[in-house]
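Q: I've got a two-chain model open and want to talk it through. Can you help me find my way around?

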Amino acid sequence: MSRAAGSSRPEEEIAELFRRLPDPAAREDLAKEFLPLAEYFARRFSGRGEPVDDLTQTASLGLLNAIDRFDPERGVPFSTYAAATIVGELKRHFRDRGWALRVPRNVQETAILVNRTVSAMWQDLGRAPTVAEIASAADIGEDDVLQALDALQAYTTDSLDAPTGDATSTAAESIGSEDRSFEVSEEWLSLAPALRDLSERERKILYLRFFEGRTQTEIADELGISQMHVSRLVSQSLEKLREKAGGV
Amino acid sequence: MTDLPTAVSVDVPATPGFVQVLRNIAAGVAARLDIPIDQIEEVRLAVTEAASLLLDEVDATSLRMTIGRDEETLDVRLSAEGHADPWPSDRALASWPWLVVKGLTDEIRAERHDGQSPSIRFTKRLERVRR
């Protein structure tokens, strides 16, 4: 009998526990069984200024949500489903913490709504929506949309953003592992010495956009991330570069 | 589109702090001119870089930004009230900000506005958006 992924116990035993839900004993058993998964992701998100204990607690909450919502009929292994839920919970934790410092609660809520609306519309329209279009789709004022977009710009922590297909690897990692030929372009680095202070991924995005003159769409395709994400990464990298260079 | 203004213009002191103001105004104006948000962001970044380049290159007292649009293009001009000779310098044309503005827009020119003020003018072709 084969073992269930992410667990030391056979698949059949795990499946049996899920059949017994919502029995509290089965739920607790499952939570214990997959706790190492939660702890693993908590560690992955550590070193960003949040205590590991808090992260573990957040990840455990994500695990419990995953247990409650998992549908064995779907044919997806529980560990895959749980990983996505746990990572989602951790990102939300960082987002709320980051924002709590400087963005009022009502703006945060609007920003989440706007962010969702923009993603959906970008897909539907095949281009970015206008402020007026977002306002009408989300049924809020144009000024609210502008304020929300500002807040989104301010908070986006790209390292936590946009997982690629696999919930456990982030866009950041997949970009970083691409070819490094651009690293050797001294001519390019000499244009803005502060480029050396950026991460490899940030340099790559800027290199593709401004040295090779690629469009956002092309970069999005190449890196397998959304146009919205490319747009944000370009902005953030340019802003960071300005900061590093001691400019505006 | 008939209710759109043909151009919006603003003057600010030539300091880094006011470049921040300019770029926010640029984003706000672009939003009101019914432009998709990714292009708004590009306009905001381009204004930042162009204005910074002018501050670097021109001994300026103030900056003027004029933004206009017609059916197909958005046109932005930043001009510095002040002195630079020559304008544009080779250094300016080979600089990082110039490269960035070039990458973010469809056309960029360095010229003297009214035969005098060093200025950078760029245009962006707009994606068709119907209301």
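Q: Let's start with where the chains meet. How many residues does each chain put into the contact?
A: Chain A contributes 21 residues and chain B contributes 22 residues. Keep in mind that this is a predicted model.

Q: Which helices of chain A supply at least two residues each to the side that touches chain B?
A: Those are H6, H7 (142-155), H10 (200-211) and H12 (227-244) of chain A.

Q: And which one gives the most?
A: H12(A), with 4 residues on the side of chain A that touches chain B.

Q: What classes of residue are on that side of chain A?
A: By class, the side of chain A that touches chain B has 12 nonpolar, 7 polar and 2 charged residues.

Q: OK, back up a bit. How many helices and strands are in chain A?
A: Chain A has 12 helices and 0 strands.

Q: And chain B?
A: Chain B comes to 4 helices and 5 strands. Read from the N terminus, its elements go β-α-α-β-β-α-α-β-β.

Q: How much of each chain is buried?
A: In chain A, buried residues make up 32% of the 248 residues. For chain B, 47% of the 131 residues count as buried.

Q: Now the inside. How many residues are in the largest nonpolar core?
A: It has 68 residues, and those with the most contacts inside it are Ala26(B), Ala30(B), Val47(B), Ala50(B) and Leu54(B). Helix H2 of chain B, residues 37-57, gives the most to this core, with 11 residues.

Q: What does Ala26(B) touch, leaving out residues up to four places away in sequence?
A: Ala26(B) touches Val43(B), Arg44(B), Val47(B), Met65(B), Ile67(B) and Val76(B).

Q: How many residues are in the second, separate core?
A: That second core has 21 residues, including Leu30(A), Ala42(A), Ala59(A) and Phe78(A).

Q: What about helix H4 of chain B? How many of its residues are buried?
A: 8 of the 9 residues of H4(B), residues 96-104, are buried, so this helix is largely enclosed by the rest of the structure. The buried ones are Trp96(B), Pro97(B), Trp98(B), Leu99(B), Val100(B), Val101(B), Gly103(B) and Leu104(B).

Q: Let's do helix packing. At what angle do H5(A) and H6(A) pack?
A: About 110°, with their axes 10 Å apart; H5(A) is residues 105-125 and H6(A) is residues 131-138. H5(A) and H6(A) are therefore roughly perpendicular to each other. Their crossing is right-handed.

Q: Which residues meet there?
A: From H5(A), Leu113(A), Val114(A), Thr117(A), Val118(A) and Met121(A) meet Glu133(A), Ile134(A), Ala137(A) and Ala138(A) of H6(A). By class, that contact has 7 nonpolar, 1 polar and 1 charged.

Q: And H11(A) with H12(A)? What's the angle?
A: H11(A), residues 216-223, and H12(A) pack at about 110°, with their axes 9 Å apart. That makes H11(A) roughly perpendicular to H12(A).

Q: What's in that contact?
A: Gln216(A), Thr217(A), Ile219(A) and Ala220(A) of H11(A) meet Gln227(A), Val230(A) and Ser231(A) of H12(A). The contact of H11(A) with H12(A) has 3 nonpolar, 4 polar and no charged residues.

Methods: Residues numbered from 1 in each chain as written. Chains lettered and ligands numbered in written order. Predicted model: local features only at pLDDT ≥ 70, side-chain atom pairs only at ≥ 80, totals over all residues. Core = buried A, V, L, I, M, F, W, Y, C linked by C-beta atoms within 7 Å. Buried ≥ 20, exposed ≤ 12 C-beta atoms within 10 Å, placed from the backbone. Contact = placed C-beta atoms within 7 Å. Axes fitted to C-alpha atoms, helices over the stretch in contact; angles between N-to-C directions. Parallel < 35°, antiparallel > 145°, perpendicular 65-115°, else oblique. Left-handed = near helix turned anticlockwise from the far one by under 90°. Nonpolar A, V, L, I, M, F, W, Y, C, P; charged D, E, K, R; others polar.
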